[in-house]
Amino acid sequence: MDTKKIYKEYDKQVITYMTNLINRLESQYGQINEEWRVSLDLIAFNYDIIRKCQVDILKNGLEKTDARGRMSKNPSLMICNQAQDHLFKLLNSFGLNLMSKSKMKGIEQDQDDLEELIS
């Protein structure tokens with residue numbers, strides 16, 4: 001899978017992340033199933049949103065002055081939080097974070113215990 005070609009519209013960090021992610025999935029599962037492409041594209045998209053929000057927050061701060069001169073939260077905070085939630089859910093679906101790995105190991109252990117009990 002040519003990540004540089006597929007994710008060419010994203011910045012270098014997103015491309016690097018997706019390359020590493022896809023390499024890990026290929027080594028773990030032997031191949032990338034075509035039905036995973038939508039989820040992988042959403043991972044790249046949400047990570048790109050997070051990166052852009054981070055740049056805005058670092059540049060403009062946590063609060064912005066509105067048209068009437070009042071201070072309000074930078075809208076990038078909410079957008080970033082939503083993109084992070086989506087990203088974590090997508091990563092969980094692939095078992096790619098520590099929490100989902102521990103749950104998967106727990107499920108595997110429960111299945112082993114059940115098979116041992118049955119026999």
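Colleague: Let's start with Arg37: what is its relative accessible area?
Modeller: Buried means under 20% relative accessible area and exposed means over 50%, with partly exposed in between (1.4 Å probe, protein chains only). Arg37 counts as partly exposed, because its relative accessible area is 22%.

Colleague: Before we go on, which atoms do the side-chain values use?
Modeller: This is a predicted model, so local features need pLDDT of at least 70, side-chain atom pairs count only at pLDDT 80 or more, and totals for chains, interfaces and linings use all residues.

Colleague: OK, which residue forms a salt bridge with Arg37?
Modeller: A salt bridge here is a side-chain nitrogen of Lys or Arg within 4 Å of a carboxyl oxygen of Asp or Glu. With the closest N and O atoms 3.7 Å apart, Arg37 pairs with Asp41.

Colleague: Is Asp56 buried or exposed?
Modeller: Asp56 forms a salt bridge with Lys64, the closest N and O atoms being 3.7 Å apart. Lys64 counts as partly exposed at 29% relative accessibility. The relative accessible area of Asp56 is 16%, which means that Asp56 is buried.

Colleague: And what is the N to O distance between Arg70 and Asp66?
Modeller: Arg70 is partly exposed at 48% relative accessible area, and Asp66 is partly exposed at 27%. Their side chains meet in a salt bridge, N to O, at 3.1 Å.

Colleague: Moving on to helix H4, how far apart are its end C-alpha atoms?
Modeller: Helices (H or I, at least four residues) and strands (E, at least two) are DSSP runs, numbered from the N terminus. The expected span of a helix is 1.5 Å times one less than its number of residues. H4 has 19 residues (75–93), so it should span 27 Å, and that agrees with its end C-alpha atoms being apart by 28 Å.

Colleague: Within what arc do the buried residues of H4 fall?
Modeller: Those buried residues are Ser76, Cys80, Ala83, Leu87, Leu90 and Leu91. The arc is that of the directions from the helix axis to the C-beta atoms. Seen down the axis, the buried residues line one face of H4, because they fall within an arc of 95°.

Colleague: Which residues on the other side of H4 are exposed?
Modeller: The buried residues of H4 are covered by elements including helix H2 (12–29) and helix H3 (37–60). On the other side, the exposed ones are Met78, Lys89 and Ser93.

Colleague: Last one: which glycine follows H2?
Modeller: In H2, Val14, Ile15, Met18, Leu21, Ile22 and Leu25 are buried. They are on the same side of H2, because they cover an arc of only 130° around the axis. After the helix comes a residue with a positive phi, near 90°: Gly30.

Conventions: Residues are numbered from 1 along each chain as its sequence is written. Side-chain values use heavy atoms; hydrogens and water are left out. Contact means heavy atoms within 4.5 Å.
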